[in-house]
Amino acid sequence: MSRLLSPAASSAPVFNDTDRDMMRRALTLAAEGRFSTSPNPRVGCIIAHDGQIVGQGFHLKAGGPHAEVHALRQAGENARGATAYVTLEPCSHYGRTPPCAEALIQAGVSRVVAAIADPNPQVAGKGLSMLSAAGIRTESGLLETEARELNRGFLSRIERGRPFVRLKCAASLDGKTALSDGLSQWITGEAARHDVQILRAESCAVLTGIGTVLADDPQLNVRAFPTLRQPLRIVLDSRLRLPPTTKLLADPASPVLLLTAVPPEKYPAALTAVPHLDILTVPAADGRISLPAVLTLLAERGIGELLVEAGATLCGAFLQAGLADEIVLYQAGKILGGDARSLFDLPENPAALQQPASWQTRSVAILDGGDLKQVLRKKEAV
C-alpha cells in the first residue's frame, strides 16, 4: 500500500520504533470494538509523552464517545504537549458526537499520527487540516496496511460503494457440502461452529438464500457468547416463500431484512404483519435478484462487512459475479461421495487451469477436533 500524507506534510514522515510500538498498541485497542462499532469504523487511540502512555481508549459503539475522547479523558492535563496515535484520521464534523480533531486541539497535543486518512467525504483530510491549522504536527501512513485490514468493511463501503463480502463454507474432504438429498447440518465439528459465531459477531450482516432457510431453518445469530449487537440477518427470496414460522423471525428483538423481486402490492399479509421484518423489492432479471444491486443497497444502509452463509447456488453466484472478497473454508475429514452436492455451483471453466490463481491463502489453522480452517482472499480485494 502507498503511504498517505496529511495535507500539512511537506515530505514523507519518518517514524521510529516508539511510533510503531504505540500505533501497534492503538490497533490492538481498536480491535476491541470489532463486534460492536458498525456502521462506524474500529478506532483506537494512544496518547504518549516520550514513549510513556498517559491515555488510551477505543471506540466501542456508534453514538458513544470516540477513541480520542476516551484517551483524552484518561490523560487529562497530561495530554498537553503529547503525541496522539490514532488508527484513523480524527473526525472533523459534528455527527452524534463533536469533532475529535477539535477535542485534540483543545487538549493541547503537539503531534497527531494517524495510521490512515479517513476516506469518508465528511472527513477526507479535513481532520488533519484542522489540526495542522492549529499548529499541531500531523503525519499519517504508519502501519497503514494493518489499519486498512482492521477496517476492511468500513473502507470497502466508503471507497467501493459495497460491503466487503466474505463467504463462509463448510465442506467434506472431497469438497462436498451436503448429501444428494440436501442433508447438510454438522459436517464440521463444534470448534468450527463456534468459530462461525465469531465471524457472525464481527459482521454487520449475515446473508443467506431462501433455499438454505427452507432446507435448514437457520437462526444466523450469535448465541455462543454475549455481544452488544446482533448482525442484521438478510434473506434473498425472489418469490417471497419465507415461512412466517421460520426461526429467523422467532426473536422480535432481532430485525430481519427480506429482499425480493416481488412488487410491494403483492407482499403477503402474513409477512408484512411481522414488526421486525423489513421487506424490500430490489432489481431482478429472469427472476433472479441482482447481487450488485443488493450490495449497493446494503452499503447505503451502513453495512460494511457481509458474511454470506448460503448454499452452492448463491455462493457460486457471488463468485461468478466477482463480488466475493474472501472465503472462509472449514473442511472436515469426512468423505461424502460422488453424488453429494459440490461446494460451489459454477459452470466448468477449462481455461482456469492455465490462469494464475485468483485466490491467495491468508491463513490455515487446525481447529480442536481436527477440522481445517482456511482463509483465502481475492488478490484485488481491499
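Me: Why does Glu-202 count as buried?
Reply: The relative accessibility of Glu-202 is 14%, and buried means under 20% relative accessible area, while exposed means over 50% and partly exposed lies in between (1.4 Å probe, protein chains only). Since 14% is under 20%, Glu-202 is therefore buried. This is a predicted model, in which local features need pLDDT of at least 70 and side-chain atom pairs count only at pLDDT 80 or more, whereas totals for chains, interfaces and linings use all residues. Residues are numbered from 1 along each chain as its sequence is written, and side-chain values use heavy atoms, with hydrogens and water left out.

Me: Where is Glu-202 found, and with which residues is it in contact?
Reply: Glu-202 belongs to helix 7, residues 190-202, where a helix is a DSSP run of H or I with at least four residues, a strand is a run of E with at least two, and both are numbered from the N terminus. Contact means heavy atoms within 4.5 Å, and, leaving aside neighbours within four places in sequence, Glu-202 is in contact with residues including Arg-34, Phe-35, Arg-152 and Arg-229.

Me: What makes Phe-35 and Phe-225 a tilted pair?
Reply: Rings of Phe, Tyr and Trp (its six-membered ring) pair if their centres lie within 6.5 Å, and planes under 30 degrees apart count as stacked, over 60 as edge-to-face and the rest as tilted. The ring centres of Phe-35 and Phe-225 are 5.8 Å apart and their planes stand at 35°, so the pair is tilted. The two residues are 190 residues apart, with Phe-35 in the loop between helix 1 (17-30) and strand 1 (44-49), and Phe-225 in the loop between helix 8 (210-216) and strand 9.

Me: How do you know whether Cys-91 has a bond to Cys-100?
Reply: A disulfide is a pair of cysteine sulfur atoms within 2.5 Å, but the sulfur of Cys-91 is 3.8 Å from the closest cysteine sulfur, in Cys-100, and so it is too far for a bond. Cys-169 is in no disulfide either, its nearest cysteine sulfur, that of Cys-315, being 4.5 Å away. By this rule the count comes to zero disulfides. Both cysteines are buried, Cys-91 with a relative accessible area of 9% and Cys-169 with 4%.

Me: What makes Arg-152 a charge over the ring of Phe-164?
Reply: A charge sits over a ring if NZ of Lys or CZ of Arg is within 6 Å of the ring centre and within 35 degrees of the ring normal. The charged end of Arg-152 sits 5.7 Å from the centre of the Phe-164 ring, and this arrangement is counted as sitting over it.
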